[in-house]
Amino acid sequence: MGKTAKIQKIPKQPLAVTAYETLVKKIICLEYQPSQHLEENQLVDDLGIGRTPIREALVRLHSEKMVETHPKRGVIVRPITLQNTKAMFESMRIMELGLVDIVIHKNCSIFIKKMKESNKEVKKAIDVNDVFELVEANHDFHMNFAKCSQNEFFIRAVQDVRTEAKRLSYLSYGNVIDPQRPLESHYESVFLEHEQMIKCLVGKDEIRLKELIEKHILIFRQRIIVFMTS
């Protein structure tokens with residue numbers, strides 16, 4: 001008789017990770033609103049997960065500055081303010097233009113490949129109209145660009161800024177902000193600008209790459225300012 005094939009068990013994901021991923025999605029998708037109080041009992045009911053993994057998830061979210069802790073209010077979702085938004089875009093512009101000065105002299109072939117894969121996920125999310133997955137794929141694209149620097153300090157700094165940008169990305173991708181420009185047109189321009197950035201990296205075209213980054217960030221910034229002030 002032949003040997004009985006062993007059934008390979010897939011290890012279950014730790015509950016703290018499940019809690020974290022669920023909370024991240026709810027925060028990014030604005031199901032949990034900026035400045036909303038996250039009451040522990042309510043989170044237990046919402047997620048169907050015990051207190052300990054939820055507390056562990058909240059500690060991680062606090063370290064990533066997605067939630068804040070206040071003595072009288074407890075844990076709240078980090079607010080979105082004009083001041084923070086302005087500071088975030090200033091930092092994003094300085095960092096990503098500065099990245100060009102580094103990456104243009106590096107062998108980025110491994111990370112360029114990952115950028116291409118991320119942009120395929122961008123296109124896939126656009127095709128099925130999944131705004132959350134579009135936000136995640138866009139984040140991965142820009143983080144792989146940061147990794148082209150092979151500089152852990154730059155990568156860490158960009159991670160902080162890009163994590164802060166996720167909720168704003170959801171607002172930008174999920175709302176018709178300019179009536180003259182359908183969302184589909186905005187999505188397509190994001191995908192194509194990513195493709196052009198990759199082409200510039202491959203061709204070591206420093207000037208054009210900086211122009212694309214300036215344009216990419218400016219459009220994002222303008223959409224958010226219009227949304228927040230309308």
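Reply: What follows starts with the setting, then moves to the cavities, the pocket and the contacts.

This is a predicted model, so local features need pLDDT of at least 70, side-chain atom pairs count only at pLDDT 80 or more, and totals for chains, interfaces and linings use all residues. Residues are numbered from 1 along each chain as its sequence is written, and side-chain values use heavy atoms, with hydrogens and water left out.

First, the setting. The chain has nine helices and two strands. Helices here are DSSP runs of H or I with at least four residues, strands are runs of E with at least two, and both are numbered from the N terminus. The order from the N terminus is α-α-α-β-β-α-α-α-α-α-α. Along its principal axes, the C-alpha trace spans about 65 × 50 × 35 Å. Of the 230 residues in the chain, 43% are buried. Buried means under 20% relative accessible area, exposed means over 50%, and partly exposed is in between (1.4 Å probe, protein chains only).

Now the cavities. A search of the whole structure finds four of 30 Å³ or more. The search uses a 1 Å grid over the protein atoms alone; a cavity is a set of points where a 1.4 Å probe fits but cannot get out, and lining residues have an atom within 4 Å of a point. Grid points are joined across faces, edges and corners, and a volume is the space filled by probe spheres set on the points.

The largest cavity holds about 140 Å³. Its lining has 14 residues, and Tyr 173, His 186, Val 190, His 216 and Phe 220 lie nearest the centre. By class, the lining has five nonpolar, seven polar and two charged residues. Ala, Val, Leu, Ile, Met, Phe, Trp, Tyr, Cys and Pro count as nonpolar, Asp, Glu, Lys and Arg as charged, and the others, Gly among them, as polar.

The second largest cavity holds about 60 Å³. Its lining is Pro 79, Ile 80, Thr 81, Asn 84, Thr 85, Met 88, Glu 164, Arg 167 and Leu 168. The classes are four nonpolar, three polar and two charged.

H4 and H7 also matter for the largest pocket, where each supplies at least two lining residues. A pocket is an open set of points with protein on both sides within 12 Å along at least five of seven lines. This one holds about 260 Å³. It has 13 lining residues, with Lys 65, Arg 78, Asp 160, Val 161 and Glu 164 closest to its centre. H7 gives the largest share, five residues. The lining has three nonpolar, five polar and five charged residues. Glu 164 also lines the second largest cavity.

Next, the aromatic contacts. Rings of Phe, Tyr and Trp (its six-membered ring) pair if their centres lie within 6.5 Å; planes under 30 degrees apart count as stacked, over 60 as edge-to-face and the rest as tilted. The count is two pairs. The rings of Phe 89 and Phe 220 have centres 5.0 Å apart and planes at 85°, so this pair is edge-to-face. Phe 89 lies in helix H4 and Phe 220 in helix H9, so the pair ties together parts 131 residues apart in sequence. Phe 89 is buried, at 4% relative accessibility. Phe 220 is buried too, at 11%.

The other pair is Tyr 173 with Tyr 187, edge-to-face, 6.0 Å centre to centre and 65° between the planes. Tyr 173 is in helix H7 and Tyr 187 in helix H8, 14 residues apart. Both Tyr 173 and Tyr 187 are buried. Tyr 173 and Phe 220 are among the residues nearest the centre of the largest cavity.

Helix H9 also contains Arg 223. Arg 223 is buried, with a relative accessible area of 7%. A polar atom of its side chain lies 2.7 Å from the backbone oxygen of Ser 172.

Definitions and conventions: A polar contact is a pair of N or O atoms within 3.5 Å; within protein, one must be able to donate a hydrogen and the other to accept it, and residues adjacent in sequence count only if both atoms are side-chain atoms.
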